[in-house]
Structures are given as structure tokens and as C-alpha cells.
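Please examine the sequence and the model together before reading on. The paragraphs below take up a pocket, a pair of helices and several features of the backbone.

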Amino acid sequence: MPETIIRAERVEKYYAQPSENRIQVIAPTDLSIVPGEIVAVLGPSGSGKSTLLRMLTGLSRPSAGQVYWHEAPISNAQINVSIVFQSFALFPWLTVQENVEAPLKARGMEPGERRKRALKILDTVGLDGFQAAYPKELSGGMRQRVGFARALVVEPEVLFMDEPFSALDVLTAENLRSELLELWQNKTIPTRAIFLVTHNIEEAVLLADRIIVLGRNPGHVRTDFKVTLQHPRDRKATAFTQLVDYIYKVLTQPEAKPPALPQTPEGKRVRDQRQMHYQMLPHARPGGIAGLLELLLDHNGKDDIYRLADDLAFEIDDLLPIVDAAQLLGFLTVNEGDAAITPKGAEFANSEILRQKELFRTAAVENVLLLRQIVRAIEAKSDHTVAEDFFHDLLDEQFSEEETVLQLETAINWGRYAELFDFDASRRRFMQIEKLAPESDTPSAEEIDA
Ligand code: ADP
Ligand code: MG
């Protein structure tokens with residue numbers, strides 16, 4: 001068997017919920033990091049990329065399964081890894097040099113040696129002359145250089161990075177990427193493997209020797225393959241764009257979904273459910289859905305999602321929720337990375353705003369269990385209002401707290417747009433939409449309240 005540096009065996013992660021339920025965010029997963037590879041991990045947000053990274057670095061314990069460092073359980077091992085975060089995570093009260101020396105100090109290295117190593121790595125990453133600066137004096141790109149220097153100064157055997165270029169402007173990111181690749185390829189740094197979490201497909205194809213794509217709910221490996229393109233890689237080369245296109249297709253292929261989806265006939269849907277199983281509402285705005293459908297109609301009703309993203313100058317992470325939402329509403333279908341508008345979608349895209357709202361309303365009630373339930377609950381109550389908490393408690397059986405809040409936010413947004421209900425943000429209650437009352441000189445008690 002080839003040597004593995006880190007090996008995860010059937011690792012899983014659950015998070016406890018206030019309701020005593022557990023949310024599984026990582027399904028049983030096997031994964032190895034071997035010498036000589038840059039591994040890139042792609043996946044929609046929430047698919048557990050960061051969670052997986054944290055388990056592989058020993059920062060977080062798996063709920064089940066085991067992580068091995070050179071075949072010894074990681075909790076007993078002397079591991080040598082470092083992590084670069086998107087947010088830089090520098091100490092603002094320390095100078096650049098002190099920030100870079102911090103991990104060496106933590107390892108008990110004496111000041112002379114610390115200083116020598118820090119200066120050397122600062123030179124390597126192009127920070128010569130900035131030793132005495134404080135983070136706030138630096139641009140984002142320079143701060144991330146400090147992030148890299150601090151990670152590299154300990155000469156990690158594996159360098160982990162969690163979306164390290166995401167907070168930087170395009171040119172700075174490109175510049176840092178190629179410098180990192182150069183350090184790696186020229187073996188200027190003794191690092192033996194790199195594990196990169198990213199949501200940028202091109203970044204993955206540009207850098208990685210191996211790409212892993214995660215799916216979500218719970219996070220799992222959808223595909224894991226080698227990239228054999230020669231360096232330097234040319235973004236315009238056919239092999240490059242084909243690979244990018246392929247990954248888009250993997251990411252946009254419908255995943256195994258809970259039963260409550262538009263494909264199933266309406267009558268069957270609810271009864272078939274063993275328990276209430278909410279779909280994950282994609283966090284897209286109705287305006288964005290309309291915009292996408294209009295563009296698609298413009299492209300004769302069908303186009304490659306990759307090209308659509310390109311046309312819109314969107315990252316996949318920004319476009320996918322919109323595509324998912326349109327799909328959930330029955331306005332488009334996705335097949336092998338091609339989005340095709342449905343007759344309903346075409347009618348929606350062609351209509352003016354009031355008719356659009358009507359069509360959206362019908363589609364939302366038909367296809368979205370949560371919205372249907374909110375509407376019914378409002379109808380059923382004598383005062384025609386329902387507390388948000390009621391649905392919060394239902395949803396958090398299935399979603400994390402953070403996701404529950406987002407799900408409700410999206411439902412409120414869609415419901416308001418579709419004029420299914422209104423939401424009183426101060427009392428956190430869903431309520432019936434007030435019909436235009438005949439004009440009156442004296443405001444009602446409620447109006448004074450508001
Ligand atoms: P990614 O990095 O792919 O965006 P994460 O690993 O950050 O995904 O999160 C995966 C899922 O786990 C998300 O649904 C997130 O809400 C949930 N999650 C992450 N950390 C916690 C936590 N401390 N408690 C509860 N849920 C969490
Ligand atoms: Mg993350």
C-alpha cells in the first residue's frame with residue numbers, strides 16, 4: 001500500500017441540537033492524503049468542506065470513525081500540519097514578524113531560532129520589509145501572505161487551506177496562487193501534501209493533482225479523481241475547460257433528494273413521507289430566479305449552466321442556489337449540466353410582475369412543503385397569525401440551528417413575494433396579508449401599534 005500521511009476511516013460528524021436531535025453533517029467517509037499531492041475539495045456551501053478539514057487536522061473529533069496520522073490514531077500522534085483560513089485570522093496586536101513567530105513560540109522554540117526562521121519565510125513569501133508592520137496596515141493580499149508565512153514557518157508536512165483566496169480580489173488571488181504553486185513545485189517548502197478547500201472550480205483545476213467533490217445533506221464524497229494536466233496549466237486549453245465543464249456538471253446534477261420534490265405527483269407526496277421531511281430551500285431570491293429564467297429564455301430556453309454562470313459573471317456558489325430554486329419550483333430542469341426552461345418557467349419569464357407573482361405563488365404552494373404548511377397554519381388559526389417559533393421547532397429537527405434560520409429567512413422572502421402571507425418581524429409572527437381596507441380617518445389600534 002502506498003504511504004498515507006493522513007487517513008480518515010469511516011469518519012462522521014454530528015452536531016447536537018437544542019432539541020436533543022443530532023444533525024449529521026458528514027456521512028461515513030474514507031479519505032487519504034498521500035505525499036506529493038495537492039488535493040482540492042469542492043462542494044456547495046454547507047456540504048461540510050470545513051468540517052472535514054477540521055477533522056483531518058485533528059482540530060475537531062469525528063463523532064464516529066477514526067483519523068490516522070501515519071497510521072497512528074491522530075489524537076495520540078505528534079501531528080505536523082498548519083491551516084490557512086480565508087479570514088487571515090492574524091493577531092491584530094502583533095506585528096507581522098510576531099504573528100509569524102507565534103506558532104514557533106507556542107512550540108517552545110527559543111527566540112534566536114524563531115527570529116531566523118520567521119525572517120527566512122517572510123522573505124520567501126515576499127514580505128521582506130514588512131516585519132514591523134501591523135496587520136491593519138496591510139492590504140488583504142499582504143495579510144494573506146502573512147497567513148501563508150505563519151502556516152509555512154513550522155514546515156508543516158501537510159498544508160491545509162480553507163478558501164484561502166476567496167477574500168482577495170481576482171488579480172491578487174491569481175498572483176498568490178501561482179506563487180504558492182511555484183514554492184510547491186520547486187520544493188522551496190518541505191511541505192509534502194496540500195489540502196485545499198475551495199468553491200472555485202477553476203482554482204481547483206489550476207492547482208490540484210486530485211479533486212474531490214462533496215455533496216450535502218449529509219456531506220459525502222460524490223467523486224474523487226486525478227487531474228493529470230501538465231503545469232503550467234492554461235485556462236483556455238480545451239482539456240482545461242472540459243474538466244471545468246465536467247465538474248460543473250457533477251455539481252449541478254440533481255442529487256438523491258427527499259421525496260417531497262416536484263417530480264412526484266402532488267397527491268402522493270405528503271402521504272408518502274415517513275415523517276415530515278422538508279426540502280432544503282435554496283437561498284435564492286425570487287428576483288434572481290426571474291432574472292435567470294429571462295436570460296435562459298433569451299438563450300432559446302436552454303443553455304449550459306457553465307456558460308450561464310460565465311455570462312452572469314457568477315461564481316458557481318452564487319448561481320447554483322438560483323438554479324436549484326427554479327428547479328424546485330418546476331420552472332426549469334437540469335440534465336448533465338444543461339438547464340432547460342419548462343413551459344411554466346417560460347410563461348413566468350414572459351409575464352409582467354403581477355402575473356409573475358401569481359405563477360410563483362402557485363408553484364411555491366405546490367412544491368414547497370414549508371410554505372404550504374405556513375399558509376395552512378395561518379388559515380387554521382382564529383387570529384390568522386402563527387409564531388415563527390412553531391416552524392423553527394419543526395425545522396430544527398432536521399437542520400442545524402444556522403440552517404434553520406436561513407430556511408425561515410428564505411421562506412419568508414418567498415412567501416412575501418408570492419403574497420402568500422406577511423411576516424411581522426418585531427413579533428416574529430406569520431400573518432395574513434392585510435387586504436386594502438376602505439379608507440378611514442381614524443387609524444386602527446393595530447396601525448398605532450405598528
Ligand atoms: P462548508 O465548509 O462546506 O460550507 P461546513 O463544514 O462549514 O460546510 O458546514 C457543514 C454543515 O454543518 C452546515 O450545514 C453547517 O450549518 C453545519 N455546522 C457547521 N458547524 C456547526 C456547529 N458548530 N454546530 C452545528 N452545525 C454546524
Ligand atoms: Mg467552509
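For the residue classes used here, Ala, Val, Leu, Ile, Met, Phe, Trp, Tyr, Cys and Pro count as nonpolar, Asp, Glu, Lys and Arg as charged, and the others, Gly among them, as polar. The model under discussion is a predicted one. With these classes, the lining of the second largest pocket divides into eleven nonpolar, four polar and nine charged residues.

That pocket may now be considered in more detail. The volume of the second largest pocket is about 580 Å³, and 24 residues line it. Nearest its centre lie V170, N200, E202, R235 and E315. Of the contributions to the lining, that of α5 is the largest share, with four residues.

The next subject is a packed pair of helices. Two packed helices are described by the angle between their axes and the distance between the axes. Helix α12 spans residues 343-350 and helix α13 spans residues 353-367; the two pack at an angle of about 150°, and their axes are 8 Å apart. Angles over 145 degrees count as roughly antiparallel, and α12 and α13 are therefore roughly antiparallel to each other. The crossing in which α12 passes α13 is left-handed. Which residues meet in this contact? On the side of α12 they are K344, E347, F348 and A349, and on the side of α13 they are R355, Q356, L359, F360 and E366. The residues of this contact comprise four nonpolar, one polar and four charged.

P218 is placed in the loop between β9 (210-215) and β10 (220-226). Another cis peptide bond joins H231 to P232, and its omega is likewise near -10°. P232 is found in the loop between β10 and α7 (238-252).

R10 has a positive phi of about 45°, although R10 is not a glycine. This residue lies in strand β1, which covers residues 6-16.

Notes. Residues are numbered from 1 along each chain as its sequence is written. Chains are lettered from A and ligands numbered from 1 in the order in which they are written. This is a predicted model: local features need pLDDT of at least 70, side-chain atom pairs count only at pLDDT 80 or more; totals for chains, interfaces and linings use all residues. Side-chain values use heavy atoms; hydrogens and water are left out. Axes are lines fitted to C-alpha atoms, for helices over the stretch in contact, and angles run from 0 to 180 degrees between N-to-C directions. Angles under 35 degrees count as roughly parallel, over 145 as roughly antiparallel, 65 to 115 as roughly perpendicular and the rest as oblique. A crossing is left-handed if the near helix is turned anticlockwise from the far one by less than a right angle, and right-handed if clockwise. Contact means heavy atoms within 4.5 Å. On a 1 Å grid over the protein atoms alone, a cavity is a set of points where a 1.4 Å probe fits but cannot get out, and a pocket is an open set with protein on both sides within 12 Å along at least five of seven lines; lining residues have an atom within 4 Å of a point. Grid points are joined across faces, edges and corners, and a volume is the space filled by probe spheres set on the points.
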